[in-house]
Amino acid sequence: MTKPHILQVGPYPEWDQVPLDAAFHMHRYFEAADKAAFLAEVGPQIRGIATRGELGANAAMIAACPQLEVISVYGVGYDAVDLEACRARGIRVTNTPDVLTNDVADLGVAMMLVQSRGMIGAETWVRDGSWAAKGLYPLQRRVWGKRAGVLGLGRIGYEVAKRLAGFDLQIAYSDVGPKDYARDWEFIADPVALAERSDFLFVTLAASAATRHIVGAQVIDALGPQGMLINISRASNIDENALLDALESGRLGSAALDVFEGEPKLNPRFLSLPNVLLQPHHASGTYETRQAMGKLVRDNLTAHFAGQPLPTPVL
Ligand code: 8YV
């Protein structure tokens, strides 16, 4: 049997690459110097695309593959896949939900703790001899007992809120409506009102055109000079320029971010800000979770080409 031809948009760890190469004919788009020429050459044979959450599959890529049947995303977020183009052509799309939920929630909560307690600066204080030379490290902000807002109470938001409850935080959330699994937590529909009553605001929304810049100047100002914004979702959910303006002027206390517009290149304004914790989009980045994500990518492709039901379909 001939192996199905798959366009591979980004790199995978070796433990995924080896079984992918064994089961499929993989075409490494990310290694091509001339992407358009590569697509023109291999596109006609491609039946599947294997991509990553943040890379997705754009309209030009999909159009260059007339035999395309399935797109398997390594990530829960599929906002970078052109779903309209897929719907129009009956192309199936899969993602990797659930397996990464707890890791993403862990990192979000860790970012809040690290940033509130000034742990990055404290580490430097020890290493550069400041402790011995200058004495006690400057006082930081308490976490427990404060007010946390969770914007988007899906799988990840729910796990964040559960963890925050362990720190005795007073939890409220925004979503399209109140959730019956969140009876202990206050529902506040309006993100601005949520930010107003929050010391920490977690952004855990699935990104879409509807959520683009949902955290804008109004939400940021409502969070205020003592507030902290934590983003473990997608950069597009936040108006990055409004965020930078507020961090620079002190209208927002601080931020802890795992995702950025144009990542991995960041707006250089972030790099000179002392009140932001910067992380390299690694909330799902543990061996255990990445192995489970890679397996789901393969299981979805294998099921599709065997005519079996897809384990985790989006479309
Ligand atoms: C990335 C993510 O996919 O799940 C998502 O939506 O953005 C991440 O898990 C991961 O960095 C692999 O590229």
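Reader: Before the details, what counts as a polar contact here?
Author: A polar contact is a pair of N or O atoms within 3.5 Å; inside the protein, one atom must be able to donate a hydrogen and the other to accept it. The model is a predicted one.

Reader: Fine. Which backbone oxygen does the side chain of Thr289 have a polar atom close to, and at what distance?
Author: That of Val99, with 3.4 Å between the backbone oxygen and the polar side-chain atom of Thr289.

Reader: Where is Thr289 in the fold?
Author: Thr289 is part of helix H12, which covers residues 287-305.

Reader: Buried or exposed?
Author: Buried: the relative accessible area of Thr289 is 6%, and the label applies because buried means under 20%.

Reader: What else does Thr289 touch, leaving aside neighbours within four places in sequence?
Author: Its contacts are Val99, Leu100, Asp103 and Ser284.

Reader: How far is a polar side-chain atom of Ser284 from a ligand oxygen?
Author: 2.8 Å. Arg234 also places a polar side-chain atom 2.8 Å from an oxygen atom of the ligand. For Gly53 a backbone N or O atom is involved, at 3.3 Å from a ligand oxygen.

Reader: And how much of the ligand's accessible area does the protein cover?
Author: 95% of the 330 Å² that the ligand has on its own.

Reader: Switching to Ser233. Where does that sit?
Author: Ser233 is in the loop that runs between strand S10 (228-231) and helix H11 (240-249).

Reader: Is Ser233 buried or exposed?
Author: Ser233 is buried, at 9% relative accessible area.

Reader: What does the side chain of Ser233 reach?
Author: The backbone oxygen of Val203, at 3.5 Å. There is also a polar contact of 2.6 Å between the side chains of Ser233 and Asn231. Not counting residues up to four places away in sequence, Ser233 touches Val203, Thr204, Leu205 and Val259.

Reader: Last topic, domains. How is the chain divided?
Author: Into domain 1, made of 5-99 + 288-305, and domain 2, 101-278.

Reader: How far apart are their C-alpha centres?
Author: 31 Å. At the contact between them, nine residues of domain 1 meet seven residues of domain 2.

Definitions and conventions:
Residues are numbered from 1 along each chain as its sequence is written. This is a predicted model: local features need pLDDT of at least 70, side-chain atom pairs count only at pLDDT 80 or more; totals for chains, interfaces and linings use all residues. Side-chain values use heavy atoms; hydrogens and water are left out. Accessible areas come from the Shrake-Rupley method with a 1.4 Å probe; for residues, only the protein chains shown count as cover. Helices (H or I, at least four residues) and strands (E, at least two) are DSSP runs, numbered from the N terminus. Buried means under 20% relative accessible area, exposed over 50%, partly exposed in between (1.4 Å probe, protein chains only). Contact means heavy atoms within 4.5 Å. Domain bounds come from an automatic or database domain assignment.
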